[in-house]
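User: Hi! Could you walk me through this model?

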Amino acid sequence: MERILNNAILLLENQLITKHQHGFLRKRSTFTNLLECLQDWTVNLQLRKCTDVVYFDFKKAFDSVSHPKLLIKLKAYGLTGNLLRWITNFLLDRRQCVKLGDKVSEPVPVLSGVPQGSVLGPSLFLLFINDVSNIFDDLAVSFTLYADDIKLCSCYNVTSSGDTLSVAITRLCEWSDIWQLSIAVQKCFTCSICSYKSNAHSARRSYMINNTVLPSVNCIRDLGVIVDCHLKFDAHISLIVRKAMLRSRLILQCFSSRNKDLMMKAFFTYVRPILEYCSPVWSPHLKYLIDRIQSVQNFLPKDYQAYGTFHTLNVLNS
């Protein structure tokens, strides 16, 4: 039943959900989110401009969704009649308890949040957070979303004095207060993306949330991909190579069999995804980085190398 209703809601989402949302949607993923951002940041670097990026995170976003306010938004989006009544019953009158050993606590009512692990929960959350895109319409900022993760970006010349990004941050804080999605300030930070020749790093702009200055970092982990302030991926490649080498050693130690078909399945399942995650985003063109990735395959016995376990270079260069 959830799947049927979710498909009905998804038909509405094609017109309602903002194009900046990349989470829990068909043909959208972390890859499309990163690729869209990287395209904008690269163009800004080519134009010798700087880009300030502010990363936001909400406190327990899926558990903090206000049921009355969610239902108001659903009704405003055009969900009425039996569909709205079914969703209302789906959300309300839920109870939860805690089990520790053989003891179970008294059940208490669930007053907020969308049911996690359900089919309908993610779609309801997307509809709840969807209108956040409207508050930036008249501002010269770009933004992307992946579920509740928000990135605000502002491009500027080093000599300019505009502070549009601070206005956008203020509006987002006001929106979060109205809709009761608290921002986890301790998990928010900024990054200034600029070229090596720019002097922007010596005069970085600071941004604040509720009188708290956000920390500025030179290297960020963005949806599982590490990128530095110059759009280099050396740190990310070093990390995935270490993880892949460790996983390869574990496979060779834990599997007593050396059957080629079995070993190929093991490496395809446990090692290759580490090397291929969002590879079009960070695919290297420098030889020393390519050799670093190739070292994972070179670690294998020559019999398995010849059998073509990884095809790493072919994947990354395609």
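User: Which residues of α11 are buried?
Analyst: Leu-289, Ile-290, Ile-293, Gln-294, Val-296 and Gln-297 are the buried residues of α11. Buried means under 20% relative accessible area, with a 1.4 Å probe and protein chains only. Helices here are DSSP runs of H or I with at least four residues, and strands are runs of E with at least two, numbered from the N terminus. Note that this is a predicted model, where local features need pLDDT of at least 70, side-chain atom pairs count only at pLDDT 80 or more, and totals for chains, interfaces and linings use all residues. Residues are numbered from 1 along each chain as its sequence is written, and side-chain values use heavy atoms, leaving out hydrogens and water.

User: Where do they sit around the helix?
Analyst: Down the axis of α11, the buried residues fall within an arc of 135° (directions from the helix axis to the C-beta atoms), so they line one face of the helix.

User: New topic: at what angle do α7 and α8 cross?
Analyst: The axes of α7 (residues 234–254) and α8 (residues 260–270) cross at roughly 150° and come within 11 Å. Axes are lines fitted to C-alpha atoms over the stretch in contact, with angles from 0 to 180 degrees between N-to-C directions. That makes α7 roughly antiparallel to α8 (over 145 degrees).

User: Which residues make the contact?
Analyst: Arg-247, Ser-248, Ile-251 and Leu-252 of α7 and Met-263, Ala-266, Phe-267 and Tyr-270 of α8. Contact means heavy atoms within 4.5 Å.

User: And Phe-56, buried or exposed?
Analyst: Phe-56 counts as buried, at 3% relative accessibility. Phe-56 is found in strand β1 (residues 50–56).

Methods:
Buried < 20%, exposed > 50% of the residue type's maximum accessible area, 1.4 Å probe, protein only. Parallel < 35°, antiparallel > 145°, perpendicular 65-115°, else oblique.
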